Structures are given as C-alpha cells and as structure tokens.
Amino acid sequence: MTLLTPKENHLRIGRHEIPEWVPTMMPYKDHGRATQPAGIFAMGVGQGEFVTGWRQPQGEWKDFWGASYIWEEGVIAGLPKPNAFLIDDITKWSSFITRPEVPDLDWEAMAKAELDNIDREQVAVTCDLGMQPFQNAVALLGFTETLCALYEEPEALKEMLDYMATWWVEMIELEIKHWKPDIVTMADDTAAKLAPFFSKEMYDEFFKPIYFKITAPARDRGILVDYHNCGKCESYVPSMVEFVNYWNPCEMVNDMRAVKKEYGHQIALTGCWDYTVKLDDTEETVRGYVREYLDTFAKGGGLIAWASAGSFTDPPEVREKWAPLNEWITDEIYEYGTAMYK
C-alpha cells in the first residue's frame, strides 16, 4: 500500500529526496498519473495567438518572433522551415525582430478551464515554455549561421538571446500567476546523437545565463525545473545540475552510468534504458533486464523510469507484437520499483 500521492512521489525525486517507489512516465495500477501539462505553449502556435497545452498546427505557421515552421506529413513535430530564415545578418538582429505583444486574453479563465479538470492533490501541474534559446536562434538564423555566430559575432548573438529572454520571463511570470505550476518545463536540444553542437565552455558562456534568467521566476519560488535536452549532452551536466531538477530524456549515447555515479540523485534522470529487447525474449529475461536497470539507476533515488520494447514510431501492427513484452516491463518496474525503497 502506498502512502504518498503520485504527485508528491514525483516531486520528491525533483527535490533530491528518496521517493516511496520508482516513478514512471506513465500511470500504472495504484501508481496513477503524476504530472499533467497545462499552460501556454508559446512556440507552437500562430503568431498573435495563444493556445493552452502542447499543440502545434499542421502545415506552416510563424511563431511570435516571426520564425517560420512547417509540419510535414510523416514527421513527428514541426521544424523550422528550410531556407526561410528571418535574420540574414546577426549584427542587425534588432532590425528583424521586436518584442511580441502579449495578447489581451482572459488568462485567469483560460487557466481555470484547464485546472478545473486536474486533481491537484494527486497530480503535479507542469507548464511548458517551448523551445529556447538555442532552438530559437536556429529557427531565426538557421543552424549553420547560428553556429557561425557563436564564433564570429558572439556579442550580437548574446544581445539577441538576452533580448528574447526578457519576453520568456514575462511568459513564465504570467503562467506562474495564473496556472501556479508545480514544475516548469523547457526544451533546448544542444546535441546530436554522437556529440554536442558546441563545447561546454560555449554552453556556459552563451546559454547557461539565459537558462538561469528564464527559469529564475520559478526557481525563486521553489518551483521545479524539467529540462528536455536529448542527444549526447553529458558534457553539460555539471552546469545543468545548477538549475535543473529533472533531465529528460537521458539517452544512453551518454555515459549515464558515469553520470549516475558522479551526481547520484542531484538531478532526476528520466530514461537511461539501453536494453535491446528481442521479440523472442522470455518473460524471465525481460524482467531480469528491468531489475538490472533499476538496480543501476534507481537505487538511492534519482530515476524516473522510462523503458520499453520496440519503438513508438512502429506501425500499430508491430506495436501489437511488442505489447506483451511491454506489459512485462511495466509490471516489473511496478513490482520491483515499489519494493526498492522499503
């Protein structure tokens, strides 16, 4: 029998405390849903418009800064539109972008409509800030030009990022006032599968100050920060632990065992699964993978389990074949993970 709510168990991990059971990304049995996204998602909506939740329109649209995006069929999300970048000279960035106006909307009513459907005793509310600041620059300048600006026009790039950050601070203040989140989430993919896009020194010089500025309204109020950064970004972890409570997803292209050994539960790791499950694996084998996984990453706290067989991009008929193995994985995380901290 569990005593904590799913919400409190999840928040314990973010506070570097020992949870009652190993939290997971999805609800299962009496370990119900721990988090629920809410609030405005300012990157994925049409210019001059706000919607609640994580929504992106199909087709083409512009964000609040005027960056062009396109969501093509077969792609899992919208991306900056190729060869349609707004800024062609970073030294003249202020000629291309201006601080967006905050639409005159009934924010209180928008928040109430969402929050009335969430049991805040059981579920933690998360407010998503969208992609920033590296991804913002890429959308406006293009990938190549953004990387070149790090070397060729560092001061101009810093000025632009700081200017944009002042607007994001206003957005998070607005969300905190009306949605009163337990967690704020932000995303900034600064690494590819095999290597980061730039050095740890550049991360600290250009982007760490912006992350601190954007998340300060939350951190100053004791609101936890969830940070999405996929790919091989382990070199940034020494800086991430200074402002991040949760890191997702922790992909095993990183040396996550070394990260766990070095930082323990100083940062909540979401993922860390690297077991190649085969369709003909026995139930005993699959459950053994899960126990080894939890012994490695969950002991002492600090893990939000995220494990599966197959891929979420598989067609439905293939996912159906993996379903029994995923049931074993989920059930073993529940059984073994519930007993781990007793």
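I looked up Lys29 and found a salt bridge with Glu335, the closest N and O atoms being 3.6 Å apart. The rule I used: a side-chain nitrogen of Lys or Arg within 4 Å of a carboxyl oxygen of Asp or Glu. This pair links distant parts of the chain, 306 residues apart. Lys29 sits in the loop between α1 (6–14) and β1 (35–38), and Glu335 in helix α10 (residues 316–339). Helices (H or I, at least four residues) and strands (E, at least two) are DSSP runs, numbered from the N terminus.

I note that this is a predicted model, where local features need pLDDT of at least 70 and side-chain atom pairs count only at pLDDT 80 or more, while totals for chains, interfaces and linings use all residues. Residues are numbered from 1 along each chain as its sequence is written, and side-chain values use heavy atoms, with hydrogens and water left out.

Glu335 is partly exposed, with a relative accessible area of 41%. My classes are buried under 20% relative accessible area, exposed over 50%, and partly exposed in between (1.4 Å probe, protein chains only).

I then took Asp331 and Arg287. They form a salt bridge, with closest N and O atoms 3.0 Å apart. Asp331 lies in helix α10 and Arg287 in helix α9 (residues 283–297), so the pair ties together parts 44 residues apart in sequence. Asp331 counts as buried at 12% relative accessibility. Arg287 is buried too, at 15%.

I traced the network. Salt bridges link Lys29, Glu283, Arg287, Arg291, Asp331, Glu332 and Glu335. The count for the model comes to 22 salt bridges.

I also looked at Lys278, which pairs with Asp281 in a salt bridge, the closest N and O atoms being 3.6 Å apart. Lys278 is partly exposed at 42%, whereas Asp281 is buried at 10%.

Glu145 belongs to helix α4 (residues 143–152). Its relative accessible area is 46%, so Glu145 is partly exposed.

Last, I checked Tyr227 in strand β7 (residues 224–228). Tyr227 is buried, at 0% relative accessibility. Leaving aside neighbours within four places in sequence, its contacts (heavy atoms within 4.5 Å) include Met186, Asp188, Tyr203, Phe243 and Trp247.
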